[in-house]
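This report walks through one structure, part by part. The sequence and the model are shown first.

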Amino acid sequence: MGHKSNPIGLRLQINRTWDSRWFAEGRDYGKLLEEDLKIRKAIMAAVPQAAISKVVIERPAKLCRISIYAARPGVIIGKKGADIEKLRKKLAEMTSSEVKLNIVEIRKPEVDAKLIAQGIADQLIRRVAFRRAMKRAMQSAMRLGAEGIKIMCGGRLGGAEIARVEQYREGRVPLHTLRANIDYAEAEALTAYGIIGIKVWVFKGEILGHDPMAQDRLMMEAQTSGVRPAR
């Protein structure tokens with residue numbers, strides 16, 4: 001049997017770090033972990049149309065700093081920042097710490113694994129042919145600077161009676177190379193004939209040298225102009 005490790009977990013502390021960055025002892029750990037899960041769920045439910053890639057939670061002292069990486073930050077912020085304030089108050093009710101929100105704009109959603117997977121899932125729900133959706137996403141990613149991409153779809157593809165898995169790959173996707181900056185994500189499409197699972201691997205080049213914060217730094221450099229200060 002194949003033993004496949006998650007590309008993100010495999011690269012932790014080599015060229016990327018955790019999405020929750022804090023330290024806790026004893027009972028506090030479980031409490032804070034549950035808070036993190038609730039906060040992420042609440043953000044995804046509150047602004048599903050904002051194309052959110054990831055939510056990073058940091059807890060220095062008595063502060064809870066939440067960075068939301070989204071392709072459409074305007075949806076979260078709203079007119080004159082009304083919606084973001086409403087969201088901040090909602091999240092503040094879930095934790096005893098003071099909440100600060102950072103909205104980071106993703107300049108190239110076409111090369112973000114989470115957004116690619118979500119985009120394909122949305123198309124499958126709208127009954128777009130799965131091959132066309134996969135190939136279009138791959139072409140967009142390669143055109144915008146990805147060095148390689150692999151997409152895998154599994155389930156009752158095209159409404160077939162028997163579930164199957166289909167995958168397409170373009171360029172290089174070196175999963176065994178630890179210095180490779182590989183973005184990985186999963187999504188689910190709830191279609192009329194069952195759930196279809198989508199997995200996406202995007203190879204964005206190699207990071208030379210041991211740097212756990214490398215992926216975040218590269219992401220920030222790519223969207224420097226899109227960062228909005230904490231509120």
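Predicted model: local features only at pLDDT ≥ 70, side-chain atom pairs only at ≥ 80, totals over all residues.

S3 and S4 pair with each other in the parallel sense, over eight bridges.

H4 spans residues 82–92 and contains both Glu85 and Arg88, three residues apart, about one turn of the helix. The side chains of Glu85 and Arg88 meet in a salt bridge, at 3.1 Å from N to O. Glu85 has 23% relative accessibility and therefore counts as partly exposed, since the cut-off for buried is under 20%.

Ser20 is found in strand S1, which covers residues 20–21. Its relative accessible area is 24%, so Ser20 is partly exposed. Apart from residues up to four places away in sequence, Ser20 touches Asp36, Arg40 and Ile57.

Two of these contacts are polar. The side chains of Ser20 and Asp36 are joined by a polar contact of 2.7 Å, and the side chain of Ser20 makes another with the side chain of Arg40, at 3.2 Å. Ser20 and Glu58 are 38 residues apart in sequence, yet their C-alpha atoms are 6.0 Å apart in space.

Side chains of opposite charge can pair when their charged atoms come close. The structure holds 14 salt bridges. In one of them, the side chains of Arg59 and Glu35 meet at 3.1 Å, N to O. This pair links distant parts of the chain: Arg59 is in the loop between strand S2 (52–58) and strand S3 (63–70), while Glu35 is in helix H2 (residues 27–46), and 24 residues separate them. Arg59 is buried, with a relative accessible area of 11%, and Glu35 counts as buried at 9% relative accessibility.

Another salt bridge is formed by Glu206 and Arg179, whose closest N and O atoms are 2.8 Å apart. This pair also links distant parts of the chain, with Glu206 in strand S8 (residues 194–206) and Arg179 in the loop between strand S6 (164–171) and strand S7 (180–191), 27 residues apart. Glu206 counts as partly exposed at 34% relative accessibility, and Arg179 counts as partly exposed at 42%. Elsewhere, salt bridges that share partners join Lys31, Glu35, Asp36 and Arg59 into one network.

Ile120 shows some of the contacts involved. Leaving aside neighbours within four places in sequence, Ile120 is in contact with Ala133, Met134, Ala137, Ile151, Cys153 and Ile198.

Definitions and conventions:
Residues numbered from 1 in each chain as written. Heavy atoms only, no water. Helix = DSSP H or I, 4+ residues; strand = E, 2+ residues; numbered from the N terminus. Buried < 20%, exposed > 50% of the residue type's maximum accessible area, 1.4 Å probe, protein only. Contact = heavy atoms within 4.5 Å. Polar contact = N/O pair within 3.5 Å; in protein donor to acceptor, adjacent residues only side chain to side chain. Salt bridge = Lys/Arg side-chain N within 4 Å of Asp/Glu carboxyl O. Pairing = 2+ DSSP bridges.
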